[in-house]
Amino acid sequence: MSAPSPADDFPSRTADAAAGPADDFDHLPPVEPPSARFIVQLFVVPALIVMLIVGVWLLFGKLAAGDQNWQSLVAELEVDSSEANVHRRDRAALMLAQMLSAAQVRPQAPADGAPRLTENPQLAEALARIYRQRLAARPSTEMEHKEQMYLSRALGLLDAPEAVPPLQEATRPEHDPEVRRNALIEIAVVANRAAERGPEHIARLAADRSLEADLIAASTADEPPVRHVAAYALGLFPTPAARDRLEVLLGNGDESTRANAAIGLARQNSTAGVAVFEEILARGSEAPRPGNGADEFESLVSLRAALKAVADLAAEFESAERDRLMKLLEPLAEKHRVAEIRIHAENALRALESARNGQREHPEAT
């Protein structure tokens, strides 16, 4: 019997091949139209992301064009002071503060030769007038306090002489403690910016003895939040009266006030606050105390500032002071739970070690 030829088997193989795909299709899932959820994921969500990006771009474009838009926001702030309009005024005050913050980051002068937004005397005069009106009205509701806070923030971002006097008035005892604290924060912001720009700028601000007197008075407030912000602001004023008051505040019963007094004196190259620094460093090595997150954050801020002050003053400390500080710094550098604190502690240790070695090499310097 002869073997079948390849041609004899061709029809059966062709039939099997033709039948195979049909059988495979029977096993595929049925085709269904896309669901609404799938369409949303495919088209709507990307569209929303694009719209968000465009919205942010437009917002920053509007902030960058602040020189042309501040008048409309001031007009919003000057609407009547009824409860119905407080939301409008609150938004306008927030937008002005944002515009001025953007202008501080982008300090170039407008192309048309107009004054920078942060130096615009018309804006400064308008904000000072509105701020004084709100002070006279005595904010009472949460929304009114927010509006007042945004207005004080806007004033603190101005580099115009009209900005400081209304903030100074708000630090006085007849005003609400929260209003006083907000005003003191912004005076400190103005003073810090002046100090960063050079000695002549902070000297010009410190030449106003009435401002210094109001800060000293605020540092005697019964409310610790007012007192410790006043201490911080005083530390930015390199005057004999400010230094004398800061040395008194080193013995204050409030931890934050003592810390700000010591840090303020360190800015003026004084080691009078060394005992407070030792206190802060010793407390920093302890486990976090139970309490709210704000207390923990404030403790870390004080610790970081103290570490920087110790590093800056390393060459000024006496030998015994330096040894005590180094002993307190070692556990912070080795095992503090926050990496940034460990880094600052290591920097302070190196500065103290370098100062100690320098004194050993040059004993006449002691």
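Contact, at every stop of this tour, means heavy atoms within 4.5 Å, and the helices are DSSP runs (H or I, at least four residues; strands are E, at least two) numbered from the N terminus. This is a predicted model, in which local features need pLDDT of at least 70 and side-chain atom pairs count only at pLDDT 80 or more, while totals for chains, interfaces and linings use all residues. Residues are numbered from 1 along each chain as its sequence is written, and side-chain values use heavy atoms, with hydrogens and water left out.

**First selection: H14 and H16**

Select helix H14 (residues 274–284) together with helix H16 (residues 319–335), whose axes come within 9 Å and cross at roughly 20°; axes here are lines fitted to C-alpha atoms, for helices over the stretch in contact, and angles run from 0 to 180 degrees between N-to-C directions. H14 and H16 are therefore roughly parallel to each other, given that angles under 35 degrees count as roughly parallel, over 145 as roughly antiparallel, 65 to 115 as roughly perpendicular and the rest as oblique. Show the side chains of Val274, Phe277, Glu278, Leu281, Ala282 and Gly284 in H14, which meet Glu321, Arg324, Leu325, Leu328, Leu329 and Leu332 in H16. The residues of this contact comprise eight nonpolar, one polar and three charged, where Ala, Val, Leu, Ile, Met, Phe, Trp, Tyr, Cys and Pro count as nonpolar, Asp, Glu, Lys and Arg as charged, and the others, Gly among them, as polar.

Move to helix H4 (residues 86–105) and helix H6 (residues 142–156), where the axes come within 8 Å and cross at roughly 25°, which makes H4 roughly parallel to H6. Among the residues of H4 that meet H6 are His87, Asp90 and Leu94, and the H6 side of the contact includes Lys146, Tyr150 and Arg153. By class, the contact of H4 with H6 has nine nonpolar, one polar and six charged residues.

Arg180, Leu184 and Ile187 of H8 make the contact with Leu211, Leu215 and Ala218 of H10, a set with five nonpolar residues, no polar and one charged.
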